[in-house]
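Open the structure in your viewer and keep the selection tool ready.

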Amino acid sequence: MTITPLTIEEELKKCVKCGACMAVCPIYRQTGREEMVARGKLNLIEIIRNNEELPPAWIEAVDHCLLCCSCEENCSKGVKITEIIAAARNHQTEIIGLNPIKKGAFALLKNRILSLARVVKLGSLLQWLLWQKLPNHSGLVRRFTLPGIDSKTVIPALPLKNLDDLLKRRQPVPELQPILFFSGCATRFLHPQIGLDLIFVLEQLGFNAITPKKFNCCGMVTWGAGDKSTNRELQASNLKVLNDNAHIKEVVTGCASCGHALKEYDNLPEDCEILDISELLFRHREKLEQLVGSRQITQKITYHDPCHLSKGQEVTKEPRWLLKLIAGDNFIEMRHPERCCGAGGTFGLTHKEISREILKEKTDDCDATGAEIVTSGCPGCILQLTEGAVVSKSSWQAEHPITLLAELLRSK
Amino acid sequence: MTEPTNPLRTQIVTRLLALGFSKEQIVETKAARSCYGYDATRQNIEPLLALLPENELQVKTILKLATEKGLKIFPRGAGSGMSGGSIPSHDGIIVSLTKMKRILEIDEENMIATVEPGVITGELQEVVSRLGLFYPPDPASLAFSTIGGNVTENAGGPRAVKYGVTGNFVMGLEAYLVNGEKIKCGNKCIKSVSGYDLTSLLVGSEGTLAIITKILLKLLPAPEAVKTSLLAFKSMTGAAHAVNAMLKHQINPSTIEFLDHHSINAVRSALPFTLPDETDTVLLVEIDGPKALVESQSLKLNELFKDEALLLIAARDENEREQLWLARRKLSPAIANIAPHKINEDIAVPLGAIPEVISRLESLSQEINLPIVCFGHAGDGNIHVNVMLDKNDPDQAERGQKAINKIFSITLELGGTLSGEHGIGNTKSAYFDKEWGPVTIATMQAIKKAFDPDNRLNPGKIFPT
Ligand SMILES: Cc1cc2nc3c(=O)[nH]c(=O)nc-3n(C[C@H](O)[C@H](O)[C@H](O)COP(=O)(O)OP(=O)(O)OC[C@H]3O[C@@H](n4cnc5c(N)ncnc54)[C@H](O)[C@@H]3O)c2cc1C
Ligand code: SF4
Ligand code: SF4
C-alpha cells in the first residue's frame with residue numbers, strides 16, 4: 001500500500017481509455033456519469049495533479065469511489081486504480097484537509113483502539129435513547145437528527161460486550177496448534193459473535209486462536225480516506241504485534257477488508273501468511289469434511305462475494321466450497337454475486353442515496369433466489385445487507401458463513 | 001483549471017435549464033467536459049459542452065437549439081470507439097446517449113426487441129436470454145459499448161461468421177436529423193422493400209448522418225448447445241484450408257478465431273495445456289445449435305482434422321471451454337509484453353486471401369524490422385494487425401507509420417477493406433481515398449450533404465479533410 005508519485009505517473013499512463021471499467025463500476029452504473037468511472041477519474045487525476053486548486057468535478061469524482069476493486073480486476077492493463085484514488089485522496093487531504101468527522105474517528109483509532117472500545121461501549125449503553133429498534137433484531141434506526149449521519153441509516157444494535165470482553169471467559173486450549181486471529185474492528189465491536197464462532201471452528205479443527213488485544217484497526221478506512229499518516233501508524237502497530245508473535249506463521253481473519261489490507265502490508269514478517277478463514281478451511285478440507293459428516297443446513301442459502309475478498313484477494317472458490325459442504329443443494333447462486341453491495345467502508349454512511357441504489361439491485365438479486373439466508377464473508381457487507389433487508393422488507397437475513405458452520409458443528 | 005466564462009456556453013446552459021434539463025444532464029465545467037472528449041483512441045479534446053438527454057424530445061430540443069446557434073453536434077455512446085468516431089471539437093457539443101437506456105419492448109411473437117440507443121449490448125443479451133432468446137452480435141466490447149454505437153459502427157465479433165454483424169439484426173430505426181426533424185426507417189416486417197433502405201444507410205454511418213434514438217433488433221431462439229474446440233496447425237495455409245474444408249463439409253461454426261505464431265508464442269506459457277512446438281497457427285472453433293446437430297458436427301470436425309491437425313482438443317464442459325478461450329483472452333495483455341506500444345488495425349480480406357495477407361505481412365515485418373502480430377476472425381477474414389513498437393523511439397515511430405501505409409496497400413490489393421469492425425472515424429480518414437475512387441467518395445459526400453447540408457453533425461469523420 002505504498003506507491004510513490006513516480007509510479008502513480010506510470011500507472012496513469014497505463015490506462016488506454018478502453019472503457020472496460022464502465023462494465024463493472026457500481027457508481028457509474030447508478031450515475032451514468034463519465035467522470036465517475038475509473039477511466040474518467042484517472043483522466044481527471046492525470047490532467048489536474050500538482051494543482052493547488054482542485055475543481056469540484058475532481059473532488060466529486062475522487063470522493064465517489066467505493067474502492068471495491070471491480071474496475072481493477074476487470075482492467076486488462078492492470079492499472080492499480082484504487083491505489084491511485086487513495087493517493088489522490090491523500091493529495092486532497094494535504095490541500096483541503098480531512099473531513100472533520102473522519103478526522104475525529106481516525107484520531108480515536110490511532111490513539112489506541114482501546115479508547116475506541118470505550119466509546120463504542122458508551123454508545124451501546126446510550127443507543128436506546130438515540131435509536132429506535134427495528135423488528136427481528138435486525139438493527140436500529142435513528143430517533144433524532146444527528147450531524148453527519150443520514151436519517152435513513154440502519155445501524156446494528158451495539159452489543160453491550162465486545163469481543164475482548166467476551167474472550168475473558170474463554171478457556172485456553174494451549175495443547176492445540178497456535179494461530180493468530182485478526183478479528184478486525186467490525187467483528188470486535190459490532191459482531192463479536194462472528195469472532196466467537198470463528199474461534200470455535202478453529203478449535204474444532206485443532207487450532208488455538210491467539211487474539212492479541214494490541215492488534216489495531218487494519219487501516220483500510222484510513223488508507224481509503226487518504227489519511228496516509230494514520231494508516232502508516234496503524235500498520236506499524238500491527239506489524240509490531242505480528243513481529244512479537246513471529247513464531248506463529250499463520251494469521252487468519254474473517255473480515256474481507258482486513259484480509260485485503262493485511263495482505264498488502266509491506267514488510268510482513270518473513271513467512272508470515274495472511275489467510276481468509278475460507279482459505280484456511282479449504283486447506284484443511286478433509287478434516288472439516290469429517291467434522292461436518294452428514295449434517296446439513298436445511299435452509300436455502302445464497303452468497304454475496306465481498307469485493308475485498310473476491311476482487312481484492314481473488315478468493316471466490318473457497319467460500320463456495322464451504323457453502324456446498326454445509327448446505328449441499330440448498331446453496332444457490334444469486335445473479336451477479338460479484339456485484340458490490342454499496343457499503344464501501346464509510347461510503348454507505350456518507351453517500352446514502354447512491355449506496356442505497358446499489359444496495360437495491362443487490363437485494364433484488366438476493367430476493368430472486370428465494371434464499372432464507374444471504375451469506376457473505378465480510379462484517380461490512382453483512383451490515384449493509386442487513387440494512388438492505390430492512391429497507392426492501394426482505395425475508396432473509398445476512399450471516400457470515402462461519403456462523404452457519406459453527407451452528408452446524410454445535411448441532412447434534 | 002479556472003477558465004474564463006464562455007458567454008455562448010452560459011447562454012445555452014441557461015436555455016436548457018429553462019427548457020427542463022436538470023443540472024445532472026449538463027456537463028459544464030472544464031474538468032468534467034474533459035471526460036467527454038476521449039474514446040479508446042486516447043485523443044482528448046474537451047467539447048464546448050456535453051449533454052446527456054434522457055428522451056428523444058430532449059435530443060430534438062438540443063438539435064433545434066444547436067441549429068439556431070449554428071453549432072456542431074457530436075453523438076457519443078459509451079466512447080469505446082477505436083477510430084475516434086465520437087471525438088468532438090472545442091466548439092462542438094457532445095450528445096451522450098448513455099442515459100437513454102430503456103429496453104422499450106421485447107416482442108416475443110415477432111422476436112424483435114425495441115431499444116433506446118444507450119442500452120448496453122451485453123445487458124440486452126442478458127435480458128433476452130432469460131426469455132430463451134438470443135441477440136448474437138458479440139463485439140469484444142459488448143459488456144460496455146452501447147447498441148447505438150454498435151449500430152453506427154456496424155460492430156461485429158467472432159460470431160459474425162455464422163450470424164453476421166450488428167447491421168444484419170437491425171430491422172428499423174428512428175433518428176433525428178441535425179436540424180431536429182425526425183426520420184423513421186424499416187419496420188417489423190421480414191420482407192420490406194418500400195423505397196430506399198435508409199436503415200442500412202444509417203448502419204455504419206458513424207454518427208455523421210443522424211442521431212439514432214430508437215432501434216428495432218431482430219432476435220433468434222437461443223441455441224441449445226455450444227461446443228468449443230481448439231486446433232493447432234503447422235502453417236497458416238494449412239489452417240486456411242481447414243476453414244475452407246469445414247465450410248464445404250457443411251460444418252457451420254459460429255466462431256472461427258485464429259492466432260498466428262507470434263500470438264501463440266506470447267500466450268503459450270499462460271495456457272493450461274501444451275501446444276506442440278511446431279504449432280504455427282491455432283484455430284478456436286465453436287459450433288452452436290440444437291444439441292444433436294452440435295454433437296454430429298463436432299464429430300465430423302474431429303474426423304476431418306484428426307490427422308491434419310497437430311493437436312485437437314474439444315472442451316467437454318464449461319470449465320474446459322473457458323480454458324480453451326484463455327488462449328484468446330490472454331492475448332491482448334500478453335502481446336503488450338512484446339513492445340511498449342502497438343499500432344493496431346482491423347483490416348478485412350476475402351476468406352481466400354488470408355494466407356497471402358499473413359505471408360505478406362510477415363515479409364513486411366522483416367522489411368521494417370518490427371514485429372507484426374496477427375490474430376482475429378478466420379471465419380470472416382477480419383484480421384487484427386498489430387505493429388509492435390516503442391513510440392518514444394522516433395525511428396521506430398517512423399517505421400511504424402510506414403508499415404500502416406503498406407498494410408493498407410497490401411489489404412486493398414488483395415480485395416480487402418481498411419476496416420472490418422472499427423470504422424474510419426478520424427484515425428483512418430486520411431487513407432479513405434486509397435480505398436475508394438473520387439466518384440464514389442463524391443457520391444457518399446452528396447449523401448452526407450442531403451442529411452446535413454452545413455456539415456454540423458460529427459464533422460471531420462470518415463472523409464479526408
Ligand atoms: C476493448 C475493446 C474491444 C473492442 N472490440 C470490438 C469488436 O470486437 N468489434 C467491434 O466491432 N468493435 C470493437 N470495439 C470498438 C467499439 O467498442 C465499437 O465500435 C462500438 O460499437 C462503439 O460503441 P460505443 O457505444 O462505445 O460508441 P462510441 O465510441 O461512443 O461512438 C462510436 C460512433 O458512433 C456514433 N454514435 C454513438 N451513438 C450514436 C447514436 N445513438 N446515434 C448516432 N451516432 C452515434 C459516434 O458519433 C461515433 O462516431 C472495441 C473497443 C474496445 C475498447
Ligand atoms: S479498464 Fe483500465 S485501461 Fe481501460 S479505461 Fe478502465 S482503467 Fe483504463
Ligand atoms: S473501485 Fe469500484 S467504485 Fe471505485 S472506480 Fe473502481 S469500480 Fe468504481
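Here is a tour of ligand shells, rings, cysteines, helices and loops.

**Before you start.** This is a predicted model, where local features need pLDDT of at least 70 and side-chain atom pairs count only at pLDDT 80 or more, while totals for chains, interfaces and linings use all residues. Residues are numbered from 1 along each chain as its sequence is written, chains are lettered from A and ligands numbered from 1 in the order in which they are written, and side-chain values use heavy atoms, with hydrogens and water left out.

**Stop 1: ligand 2.** Select ligand 2 and show the residues near it (a heavy atom within 4 Å). Among them are Cys15(A), Cys18(A), Cys21(A), Cys75(A) and Lys17(A). The shell divides into eight nonpolar, one polar and three charged residues. Here Ala, Val, Leu, Ile, Met, Phe, Trp, Tyr, Cys and Pro count as nonpolar, Asp, Glu, Lys and Arg as charged, and the others, Gly among them, as polar.

**Stop 2: Lys17(A).** Stay in that shell and pick Lys17(A). Lys17(A) sits in the loop between helix 1 (5–14) and helix 2 of chain A. Helices (H or I, at least four residues) and strands (E, at least two) are DSSP runs, numbered from the N terminus. Phi of Lys17(A) is near 60°, positive in a residue other than glycine. Is Lys17(A) buried or exposed? Lys17(A) is buried, at 7% relative accessibility. Buried means under 20% relative accessible area, exposed over 50%, partly exposed in between (1.4 Å probe, protein chains only). Now show Tyr38(B): Lys17(A) lies over its face, 5.8 Å from the ring centre. Such a charge has NZ of Lys or CZ of Arg within 6 Å of the ring centre and within 35 degrees of the ring normal.

**Stop 3: ligand 3.** Select ligand 3 next. Its surroundings include Cys25(A), Cys65(A), Cys68(A), Cys69(A) and Cys71(A). Helix 2 (26–31) and helix 5 (70–74) of chain A each supply at least two residues of this shell. By class, there are nine nonpolar, two polar and one charged.

**Stop 4: cysteines.** How many disulfides does the structure hold over all chains? It holds zero. A disulfide needs two cysteine sulfur atoms within 2.5 Å. Cys185(B) is buried, at 8% relative accessibility.

**Stop 5: helix 13 of chain A.** Select residues 228–244 of chain A. The 17 residues should span 24 Å at 1.5 Å a residue, and the end C-alpha atoms are 24 Å apart, which agrees. The expected span is 1.5 Å times one less than the number of residues. Asn238(A) is one of the buried residues of this helix. Tyr265(A) is 27 residues from Asn238(A) in sequence and 9.8 Å away, C-alpha to C-alpha. Tyr265(A) lies in the loop between helix 14 (256–263) and strand 7 (273–276) of chain A. Tyr265(A) is buried too, at 5% relative accessibility.

**Stop 6: helix 20 of chain A.** Select residues 352–369 of chain A. These 18 residues reach 26 Å from first C-alpha to last, close to the 26 Å expected. Colour the buried residues, including Ile354(A), Ile358(A) and Leu359(A). Then step to Gly370(A), which follows the helix with a positive phi near 75°.

**Last stop: chain B.** Pick Leu283(B), in strand 14 (residues 281–289) of chain B. Leu283(B) is buried, at 1% relative accessibility. Its C-alpha is 6.4 Å from that of Ile256(B), 27 residues apart along the chain.
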